[in-house]
Each structure stands twice: as C-alpha cells, then as structure tokens.
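Subject: Structure handover

Hello,

Here is the structure I promised you. Please open it beside this email and follow along.

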Amino acid sequence: RPLKICYAAKAMSTMGILRAVKEAGIDIEVNSGGELWKALKAGFRGEQIIFNGTSKEVRELEMAIENEIYAIQVDSLCELSLIAETAKRVGRRANVSLRLVPEIESDTHSGLQTALLTSKFGMMPEEAVDAFNIYKESAHLNLAGIHLHIGSQNPDPGVYGEALEILLLKLVEIARET
C-alpha cells in the first residue's frame, strides 16, 4: 500500500472510537502499552499498528514484537538495543523505524516543537547511520525506515518541505554508507 494513514490513539482511545477507525479502514498509531492493548482488542492487526512514544517498557515491547506490529518508532540507540535484546529473547524479529531530530525550528509554541536538540524525542541523524551500520544484518531487527515529526500547529508550511529534504538526504546517506 503506497500510503499509510494512521489515527493517533492519544486523541481519543475509547473502544467505540477505535472500532469506528478500524471499520473506516484507517490504521492506528499508539503511544503506550495501554493504547497498544486497546488497539489489538479493537481488532487491529499488527501490520496496522505503529508504536510511538518514549520510555517503552519491556512488557510493552514484548507485546508489540509478539503481535508483529508494523513499526516500533525508536528514539535512541539505547532503546534500539533494548528492542533487539527483547526480540531475541522472544524469538521474533522486531520491525523498527528510527525517529530523527532534524534540528528545525518553527513558529509554533516552544512546548509543541519536537524537532530541536532540546526535544526528548528522537535521535540525531548521525546516530541513525550508526544504527543501520550496527544492526543492518541483525537477525532480530528489521530496520524498516526512518521517521521525523517537527511538532504541532506549525503555521508555516515551509518547515514541512525543509523536514522532507532532511529526511530524503538522510535516506540517501544511509543507503550510501550501509
């Protein structure tokens, strides 16, 4: 499928809403183990689920890996190592996507900016190259992609173009170096 549209469960995760989203043919993005559990309970298949969020617990990672979700968004090399160890213990391969910090400032409220070095989300672009070099032949990780999010309520559409350019340049660099 060329385009994956995901409902952000953090917006409203009552079972009725989740079932309506599923019935509409939309996939889901979860930010916690509780939201992951609810998405599975509502009938979403693993391939329909993306797992975002910081500080994922081992039991949450186990649930994600056992259900073969589409991607676990990874914020650090440390988290990637934890996912690899968990996948090995569970005896499965984890699908992961690396979240980058592109260092883009926008005109939104400072608390809504997630693309700066001060953000708790994501890894530096250079770390993504390291991650691909370290784990490219891992039996327990499927490095399925890279991801970035520049924050919410950005009034200037130019920052999205800038983010896309950074993302594409990083993809080319990763492909070339790995």
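Predicted model: local features only at pLDDT ≥ 70, side-chain atom pairs only at ≥ 80, totals over all residues.

Where does Gly46 sit? It lies in the loop between H2 and S3. Gly46 has contacts with Asn67, Glu68, Ile69 and Tyr70, leaving aside residues up to four places away in sequence. Take Glu68 from that list. Along the sequence, Gly46 and Glu68 are 22 residues apart. In space, their C-alpha atoms are 5.2 Å apart. Glu68 has a positive phi of about 50 degrees, and its place is just after H3.

The sheet

Now find the sheet. In general, strands of a sheet pair through backbone hydrogen bonds.

Look at one pair in detail. S2 (residues 27-30) and S3 (residues 49-51) run parallel and are joined by three bridges. Glu29 stands opposite Ile50 in S3.

Helices across the sheet

Which residues of H3 are buried? They are Glu60, Leu61, Met63, Ala64 and Ile65. These buried residues pack against H2 (33-41), S3, S4, H4 and S5.

Next, look at Thr86, which is found in H4. Thr86 counts as buried, at 1% relative accessibility. Thr86 touches Val58, Leu61, Glu62 and Ile65, again not counting residues up to four places away in sequence. Thr86 and Ile65 are 21 residues apart along the chain. Their C-alpha atoms are separated by 8.3 Å.

Two helices side by side

H5 (residues 125-135) packs with H6 (residues 158-177). The angle is about 30 degrees, and the axes are 10 Å apart. The crossing of H5 past H6 is right-handed. Which residues meet? From H5 come Pro125, Glu126, Ala128, Val129, Phe132 and Asn133. From H6 come Lys170, Glu173, Ile174 and Glu177. Sorted by kind, the residues of this contact are five nonpolar, one polar and four charged.

Salt bridges

How many salt bridges does a search of the whole structure find? It finds six. As a general point, side chains of opposite charge can pair when their charged atoms come close. Here are some of the bridges.

- Asp27 and Lys4: the closest N and O atoms are 2.7 Å apart. Asp27 lies in S2 and Lys4 in the segment before S1, so the pair ties together parts 23 residues apart in sequence. Asp27 is buried, with a relative accessible area of 1%. Lys4 is partly exposed, with a relative accessible area of 25%.
- Glu62 and Arg89: this salt bridge spans 2.7 Å, N to O. Glu62 lies in H3 and Arg89 in H4 (residues 77-90), so the pair ties together parts 27 residues apart in sequence. Glu62 is partly exposed at 21% relative accessibility. Arg89 is exposed at 52%.
- Glu57 and Arg59: the closest N and O atoms are 3.2 Å apart. Glu57 counts as partly exposed at 40% relative accessibility. Arg59 counts as exposed at 54%.

Best wishes

Notes. Residues numbered from 1 in each chain as written. Heavy atoms only, no water. Axes fitted to C-alpha atoms, helices over the stretch in contact; angles between N-to-C directions. Helix = DSSP H or I, 4+ residues; strand = E, 2+ residues; numbered from the N terminus. Left-handed = near helix turned anticlockwise from the far one by under 90°. Contact = heavy atoms within 4.5 Å. Nonpolar A, V, L, I, M, F, W, Y, C, P; charged D, E, K, R; others polar. Pairing = 2+ DSSP bridges. Salt bridge = Lys/Arg side-chain N within 4 Å of Asp/Glu carboxyl O. Buried < 20%, exposed > 50% of the residue type's maximum accessible area, 1.4 Å probe, protein only.
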